[in-house]
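Welcome! Take a moment to look over the sequence and the model, and then we will walk through a few of the features together.

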Amino acid sequence: MEASKVESVTRHLRQSTGLKDLIEFSRAIHAEMHAILRALPLGGEQIKGGRIYVTTYPCHSCARHIIAAGIKDVYFIEPYRKSLAVKLHDDAMTEDETEQGKVILRQYDGVAPRRFLALYKTNTDRKKNGKLIRANPQLTKPAVKFSLEAIPRLEAMVVERLDLDQFSTR
């Protein structure tokens, strides 16, 4: 094929189709794959049976890399409702913490990094005369004005008010 036709076809594929938007044709990788690739030279076989901590529930593509690496526990913070990880890999991955022999997806229970500073950042000076001011752990408190104990109750109230029929899968 002559060079001008190749350029014309290439230009058409890049501009007129969604080809360039497919992740399979880009060099971008998700954080899970990056973590696995970076850990291999450092730990090699030690990855098997290990844990990975991620911000978001893994997508189905990352799930296959996690399974292939031999990772046994995935801790995530944010859900990702569009993920097909468990549906496509139900033979090797589960959300049921009692199942044996599968990768277990576990939602992290604690303070997400995004909220950590909002909860614990102080408005006081950290240094005096160039030296660190040491905080007394018995006197430190979260920087928020409301009780974190109220959050589960507030979530329960929202769930009670939901019209669950609108979410049914018929």
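Which residue in S2 is the bridge partner of Thr 56? The partner is Glu 78. Keep in mind as you look that this model is predicted.

That pair belongs to a wider arrangement. Strand S1 covers residues 51-56 and strand S2 covers residues 73-78; the two run parallel and are joined by five bridges. Together with helix H3, residues 60-69, these strands form a β-α-β unit that is right-handed.

The largest nonpolar core is made of 15 residues. Ile 52, Ile 66, Ile 71, Val 74, Met 93 and Leu 105 have the most contacts inside this core. Two or more residues each come from S1, H3, S2 and strand S4, which spans 103-107. H3 gives the largest share, three residues.

Leaving aside residues up to four places away in sequence, Leu 105 touches Tyr 57, Pro 58, Val 74, Phe 76, Val 86, Met 93, Thr 94 and Glu 95.

Finally, the cysteines. Here are two of them:

| Cysteine | Relative accessibility | Closest cysteine sulfur |
|---|---|---|
| Cys 59 | 11%, buried | Cys 62, 3.6 Å |
| Cys 62 | 2%, buried | Cys 59, 3.6 Å |

Across the whole structure, a search finds zero disulfides.

Key. Residues are numbered from 1 along each chain as its sequence is written. This is a predicted model: local features need pLDDT of at least 70, side-chain atom pairs count only at pLDDT 80 or more; totals for chains, interfaces and linings use all residues. Side-chain values use heavy atoms; hydrogens and water are left out. Two strands pair if DSSP finds at least two bridges between them. Helices (H or I, at least four residues) and strands (E, at least two) are DSSP runs, numbered from the N terminus. A crossover is right-handed if, with the strands pointing away from the viewer, the path from the first strand over the helix to the second runs clockwise. A nonpolar core is a set of buried Ala, Val, Leu, Ile, Met, Phe, Trp, Tyr and Cys residues joined through side-chain atoms within 4.5 Å. Buried means under 20% relative accessible area, exposed over 50%, partly exposed in between (1.4 Å probe, protein chains only). Contact means heavy atoms within 4.5 Å. A disulfide is a pair of cysteine sulfur atoms within 2.5 Å.
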